[in-house]
Amino acid sequence: MVSFTINSKKVSFDGDGDTPLLWVLRDQLNMTGTKFGCGVGQCGACTVHVDGQAQRSCVTPVSTVAEQAITTIEGLAPSELELHPVQQAWLEFDVPQCGYCQAGQIMATVDLLRRNPSPTDADIDTSMTNICRCGTYARIRKAIHRAAELSAQGEQE
Amino acid sequence: MSAVLEQKTFSRRQVLIAGAGVAGGFVLGIPQLANATTDSDRMIGYFVEIRADGSVVIGSNQPEIGQGVRTALPMLIAEELDIDWSMVSVRQMPLGIIKTADGFTWKYGGQGVGGSTGLTSNWEYMRQVGATARAQLIKAAAARTGVAEAECSTRPGVVVCGSLQTAIPYGDLIADASALPLPEESPPLKDVADYRVIGSRVKSVDARDIVTGRAKYGVDTVQPDMRYAVIARAPVLNASVKSFDDTETRKVPGVVDVIKIEGPEPGAPYVILASGVAVIATSTWAAMKGRQLLAIDWYESPNATDSSERFWAENREMLKGDGQVVLDDGDFAQAIGDAETVVIRQYQVPFVSHAPLEPQNCYAYVQADECHIIAPTQMPSGASRAAAAVTGLPRENIRVDMTRVGGGFGRRLTNDYVAEAAMISMQTGWPIKLQWSREDDIKNDFYRPGGLHEMQAGLDGDGKVVAWAQRLASGSKYYRRPNMPDEDLFGAELYIDDFPRRIVDNIRMEYFHNAIGLPRGSWRAPAHTANAFVVQSFLDELAHETGADPLQLRLDLYGASREIEYGGHGGPTFNPGRLAKLISFVADKIGYGNTLPDGHGIGLASHFTFGGYAAHAIQVSVVDGKLTIERIVAAIDCGLAVHPNAVEAQLQGGTIDGISTALGLEITVLDGQVQQSNFHDYPLARIAAIPSLFESYIVPFDEQPTGVGEMGIPSAAPALTNAIFAASGVRIRALPIAAQLQI
């Protein structure tokens with residue numbers, strides 16, 4: 001039995017400890033916002049936060065997150081009405097095409113801005129390794145810069 | 001892609017087919033366009049629902065694969081209906097087919113997306129749906145107020161009658177409007193000058209659901225009592241299961257069944273790609289674990305010795321002989337014999353995989369007399385056919401629901417994974433969600449065909465191209481198609497009406513087929529990606545050989561704006577002047593002709609794809625064998641841009657797809673096995689490969705929209721390799737680039 005929190009709710013899982021967190025989220029908890037893309041930690045579609053840090057849930061055995069706090073795309077917005085600044089920036093630039101990778105892109109960006117509130121293009125190149133097959137990278141880059149601005153404004157208010 | 005490329009012959013049929021209310025509102029059904037041809041599947045109906053509060057729910061009949069069709073088609077209806085876009089929500093429609101005496105017709109219009117036709121094939125129809133709905137609302141208002149119909153008009157969401165002060169909201173009129181007979185003809189459509197929705201910067205209707213994780217894809221399907229399945233597929237092309245031992249598999253907690261999957265006969269048309277063993281479990285992970293523990297014996301395959309090395313050697317050998325002449329205008333032999341300069345080059349274009357980010361998956365529940373399919377597919381009618389073929393059930397008993405699709409790129413024109421899911425459900429009795437892994441996807445695809453092209457050109461003393469030949473040895477996409485004669489295999493790889501036909505008088509094309517066992521299919525802009533790379537590279541080489549400027553050489557060939565005959569998809573005409581305008585545009589934007597530092601260069605390319613036009617200018621540096629893309633300028637001429645955000649997105653996405661593929665992607669075979677398996681050895685480009693200096697432009701032309709899904713890709717790769725040559729003198733004649741330069 002492994003216990004942890006997801007988006008501030010307590011959950012427990014009594015299956016195999018080697019089950020990747022991704023499949024616990026998707027198959028056991030029916031939280032399907034976190035996507036399966038490669039299964040080997042390459043594409044980042046499954047990115048979630050474990051105690052605030054971005055982690056690829058497809059290669060994270062559920063046993064390793066015991067007593068930790070998981071945040072998924074479903075838990076990122078502060079409320080039904082208010083989006084996270086990164087989500088707002090994504091809407092402002094109409095980033096998604098098929099949209100399949102975007103939950104992972106957004107979770108990776110939130111972590112990047114936590115570590116580096118005002119990233120340069122070179123910082124983005126180094127940090128953002130998630131794959132977008134549709135090729136939304138030009139808008140992702142703009143949206144990251146915009147999200148940095150929105151976050152900074154939010155902190156001043 | 002043939003299903004969407006069939007000629008559509010329509011005649012109007014004016015019948016009101018729906019009237020009952022939904023969700024307190026009301027459905028105005030305006031069927032259109034019954035099929036005049038005999039072969040099934042062509043009857044059209046569509047739905048505009050106006051709710052009591054004035055909001056409008058517009059049905060979207062097409063699969064959404066990221067091309068923005070769920071936004072663009074409802075925009076057409078909203079425009080003519082005269083409704084504020086903020087009042088619109090969109091509902092996904094399922095597959096609609098109706099059995100007739102001699103086959104099937106469409107219930108909601110032709111459904112399927114491929115060949116960049118989603119918008120163009122619905123352009124008239126959706127506007128007529130909106131305009132007819134608006135006319136009915138006006139009639140209802142006129143009847144209620146006693147004001148003459150001609151004195152009534154609309155403002156967004158309301159009908160205004162003569163000098164009456166009170167406008168009547170659509171929501172108050174809809175009950176009356178629905179009871180009125182439809183007009184014989186669609187009312188006149190708006191002038192372009194009056195558009196408020198079409199051409200506006202509308203955002204994707206699904207963006208909020210996507211960024212909050214609520215959008216539902218095929219992989220997200222959950223149904224009662226559903227079991228999860230994965231398949232261990234033959235590792236060698238065309239191998240089949242001899243026997244298997246599932247003892248260890250069945251010990252995995254959650255595994256409920258293990259069954260054999262019969263594959264196709266080698267060389268026969270595909271229903272599915274491979275023979276295998278399916279593991280069914282109570283979770284995806286249990287099924288995957290169980291699969292790892294299978295011990296399977298395979299029969300020897302006739303393709304067990306296939307290899308890329310042999311494929312390329314055979315192609316080189318074939319090009320030394322004479323192939324099938326598929327185009328022979330003028331007198332090529334005479335013209336090249338008389339030419340002042342003759343240039344011959346070979347270019348190699350590899351097999352590549354689609355790799356949509358959502359791996360293939362499908363929900364299927366086969367019962368005694370019915371079947372339910374929920375699938376991410378570009379061709380829902382193909383899904384219905386695939387399920388019918390597997391189950392033997394009549395198609396009218398097969399229900400197909402479409403989810404949002406995590407990328408198409410042509411992979412999901414084929415419904416092999418639907419057939420697999422139906423097989424497993426039928427054999428086990430369970431409602432099944434079949435899940436492919438990424439490895440399943442990379443190793444089992446309908447790959448873009450690889451080929452070796454030989455280009456020949458003769459130029460006269462003035463540098464004018466007087467003779468042109470393209471000779472191609474490749475694995476045709478049409479291989480293993482049912483009823484496909486060998487002499488037609490070339491048609492998927494050489495588009496004989498492409499540039500420079502009817503511009504260069506003496507032109508010849510030859511084809512040689514290589515029957516390597518790799519499956520192949522339609523990969524975004526199919527043969528245009530290879531042919532644009534080859535032709536646009538070769539033009540640069542001609543310029544280099546004769547001392548001409550690469551831009552000027554193209555402008556001289558393209559010439560003035562004029563329509564020339566074009567018999568291929570995207571015809572009936574092609575205007576090379578639009579390519580001239582676009583390539584001049586991108587050259588100007590990037591500063592073509594300006595002096596650059598050593599090791600820097602600019603490359604240009606342009607191409608006509610399925611009715612639309614695009615051009616790229618790319619600036620790179622090559623320093624110590626290391627390539628850096630510094631700046632990209634892309635432009636598209638799609639006639640009228642209906643949904644500019646989506647046009648730009650497709651142009652940017654196509655450009656990145658072209659660059660990503662050219663930089664590092666290749667599928668190779670050794671001992672009959674695909675050697676790539678996941679993104680570590682099939683490295684799609686990440687954000688670092690794409691510079692922040694990336695401009696994309698929509699260059700308007702006329703009032704007729706073209707498709708946009710494939711136009712952005714073909715000219716990107718040759719612009720990049722032409723830039724590499726300009727920067728370094730290294731001519732890339734074989735893709736991918738990573739085999740020759742550090743990227």
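The side chain of B:Arg404 reaches the backbone oxygen of A:Gln97 at 2.9 Å. This is a predicted model, in which local features need pLDDT of at least 70, side-chain atom pairs count only at pLDDT 80 or more, and totals for chains, interfaces and linings use all residues. Residues are numbered from 1 along each chain as its sequence is written, chains are lettered from A and ligands numbered from 1 in the order in which they are written, and side-chain values use heavy atoms, leaving out hydrogens and water.

Where does B:Arg404 sit? Look in the loop between β22 (398–402) and α11 (416–428) of chain B; helices (H or I, at least four residues) and strands (E, at least two) are DSSP runs, numbered from the N terminus. B:Arg404 is buried, with a relative accessible area of 9%; buried means under 20% relative accessible area, exposed over 50%, and partly exposed in between (1.4 Å probe, protein chains only). Its side chain also makes a polar contact with the side chain of B:Asp206 (2.9 Å). A polar contact is a pair of N or O atoms within 3.5 Å; within protein, one must be able to donate a hydrogen and the other to accept it, and residues adjacent in sequence count only if both atoms are side-chain atoms.

## Where the chains meet

Now let's step back to the whole interface. Chain B brings 60 residues to the contact and chain A brings 51 residues, where contact means heavy atoms within 4.5 Å. On the side of chain B that touches chain A, 30 residues are nonpolar, 18 polar and 12 charged. In this grouping, Ala, Val, Leu, Ile, Met, Phe, Trp, Tyr, Cys and Pro are nonpolar, Asp, Glu, Lys and Arg are charged, and the others, Gly among them, are polar.

How many salt bridges link chain B and chain A? There are six, and B:Arg214 and A:Glu80 meet in a salt bridge through their side chains (2.6 Å, N to O). A salt bridge needs a side-chain nitrogen of Lys or Arg within 4 Å of a carboxyl oxygen of Asp or Glu.

## A strand in chain A

Within chain A, follow strand β3 (residues 47–50). A:Thr47 and A:His49 point one way from this strand, A:Val48 and A:Val50 point the other way, and all are buried. β3(A) pairs with strand β4 (residues 53–56) in the antiparallel sense over four bridges; strands pair if DSSP finds at least two bridges between them.
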